[in-house]
Amino acid sequence: MVTPLQVDPTTVANGINNVWVLVVTFLIFFMQPGFALLESGQVRAKNVGNVLMKNMSDWFLGTLIYFVVGAGVVGVVGALTSGGSPAGAFAYISDPNAWIGWLFGAVFAMTAATIVSGAVAERMKFEAYVIFTILMTAVIYPVVVGFTWGGGLLSSSGFIGAAFGTGYLDFAGATVVHMCGGVAGLVAAKMVGARKGRYDADGNSQAIPGHSMLLAVLGTFILAFGWYGFNVGTQATVLAVTEDGGLTFMGAALGRVALVTTLGMGAGGAMAMLTSSYVQGKPDPLWTANGLLAGLVAVTGAVPHVTWWGGTLLGGLAGVLVLPAFHFTVDRLKVDDVCGVFAVHGVAGAVGTALIPIFAVGGFSASQFGLQIVGVLVIALWTIVASAIALAALKSIVGLRVSEEEESEGLDEGEHGVSVYPEFVPNESTRESTVATDGGDLRTDGGRAAEPEVSDDE
């Protein structure tokens, strides 16, 4: 006679769910090479090594600082802005049972910090960037998490959330992660200043073509792949224990998140392609890629809360907005945002999250809509003020910008003493004379990606 194995269903569910969280955490980490490729492709060959160095620094510094300081700040802010006690906010450091949850939070912190590097590429001092990354993962981003996921200000138990009788909705970080990073990048790009040659004597923007659309688009695909960890992984409950002690697979919840993520991504890319065709006369690969990412950002906070068609509309709206939002940033605000991070992460994150109640599965709620608007404004205001203060302090202490000589020769040589493409000889006068009519930084007059120049003996 075979005796059935007696297993506690809660233990089984917890084990499966924890392994699931670890797997998707590793998948989110894989977004980091996606960011590295996306940003590298949109800068000139002489600055690729600096971009790669900043992306690596985001990971190893971000995780260290978020473990020692950032995750604890989340608990402190969450308690203080909801009337609770911050005691025990740093208990996770010595609690092995909390380490899986910490790691899942750390890869989100890393993503928020990395977004900034795309906005300030090609002219920000590495030293200043490293310190800002530390401040971003120690204070700026953790405060936003404390306001929201940490049970603080905007949550149902927080001072603002309780006033609305509900909690702020941002499932996987459209505003908590992406808008925070996009707004911080906008502030940083403004304070560092535009690259040499970005604007002519009359203040008109001129394109500075990146060296490889191939890398940028490959990076986009890697990011899109990792995004399934971001969104679907946040649905952390794979198995749940039923009232009768059985186990149930949460397939419907996982399916909704996966479907809305995919449809939002597709709609963002499609609408960006159509918009670039209308505005520029031809479909633009880089703007299609940016629209795909904007569609993902827009639905990141909404995936479990909205209908599938609502998620499609949110992603499509973000795809339409990404090109005009970039031109507004560069041409009207005069901010040299190299990789368009404010348009892709800031604008798309804000719009997608604010409009969640319009497409909610359970129907429209005026109080929820009001809190969504207030929440977006609170997160944006905190990020602007905190980033501006941090960057102003850095400017007075270490300086934000490399010298004109370093910018001219490239940050690879000036900041790191390396050359990623040693066989290419840069010709600054040729590169900076290229002007684009309607495209972004990776475009030329002829609509082609810029070719790196080679030496005469090749």
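Predicted model: local features only at pLDDT ≥ 70, side-chain atom pairs only at ≥ 80, totals over all residues.
Which helices each supply at least two residues of the lining of the largest cavity? They are α2 (31-41), α10 (285-300) and α12 (341-354).

**View 1. The largest cavity and its lining.** A search of the whole structure finds two cavities of 30 Å³ or more. The largest cavity has a volume of about 70 Å³. Its lining is made up of F35, L38, E39, I115, N290, L293, C339, G340, V341, V344 and H345. By class, seven of these lining residues are nonpolar, three are polar and one is charged.

**View 2. The largest pocket and the helices around it.** The volume of the largest pocket is about 300 Å³. This pocket is lined by 16 residues, and those closest to its centre are Y66, V74, G101, G105 and V145. Two or more lining residues come from each of the elements α3 (48-80), α4 (99-119) and α5 (126-147). Which element gives the most to the lining of the largest pocket? It is α4, with five residues. The lining of the largest pocket holds twelve nonpolar and four polar residues, and no charged residues.

**View 3. Helix α7 against helix α13.** Helix α7 spans residues 174-192 and helix α13 spans residues 366-397. Their axes come within 9 Å and cross at roughly 40°. The two helices are therefore oblique to each other. The crossing in which α7 passes α13 is right-handed. On the α7 side, the contact is made by T175, M179, C180, V183, A184, V187, A188 and M191. On the α13 side, it is made by V376, I379, A380, T383, I384, S387, A388, L391, A392 and K395. Sorted by class, the contact of α7 with α13 has 14 nonpolar residues, three polar residues and one charged residue.

**View 4. Helix α8 against helix α9.** Helix α8 covers residues 213-234, and helix α9 covers residues 251-280. The axes of α8 and α9 come within 10 Å, with a crossing angle of roughly 140°. How is the crossing in which α8 passes α9 handed, left or right? It is a right-handed crossing. From α8, the residues in contact are A224, Y228, N231 and V232. From α9, they are L254, V257, A258, T261, T262 and M265. The contact of α8 with α9 consists of seven nonpolar and three polar residues, with no charged residues.

**View 5. Helix α1 against helix α8.** Helix α8 also meets helix α1, which runs over residues 9-29. The axes of α1 and α8 come within 7 Å and cross at roughly 145°. Here the crossing, with α1 passing α8, is left-handed. In α1, the residues W20, V24, L27 and I28 take part in the contact. They meet F225, G226, Y228, G229, F230, V232 and G233 in α8. Eight nonpolar and three polar residues make up the contact of α1 with α8, and none is charged.

Methods. Residues numbered from 1 in each chain as written. Heavy atoms only, no water. 1 Å grid on protein atoms, 1.4 Å probe; cavity = no way out; pocket = protein on both sides within 12 Å on 5 of 7 lines; lining within 4 Å. Points joined across faces, edges and corners; volume = space filled by probe spheres on them. Helix = DSSP H or I, 4+ residues; strand = E, 2+ residues; numbered from the N terminus. Nonpolar A, V, L, I, M, F, W, Y, C, P; charged D, E, K, R; others polar. Axes fitted to C-alpha atoms, helices over the stretch in contact; angles between N-to-C directions. Parallel < 35°, antiparallel > 145°, perpendicular 65-115°, else oblique. Left-handed = near helix turned anticlockwise from the far one by under 90°. Contact = heavy atoms within 4.5 Å.
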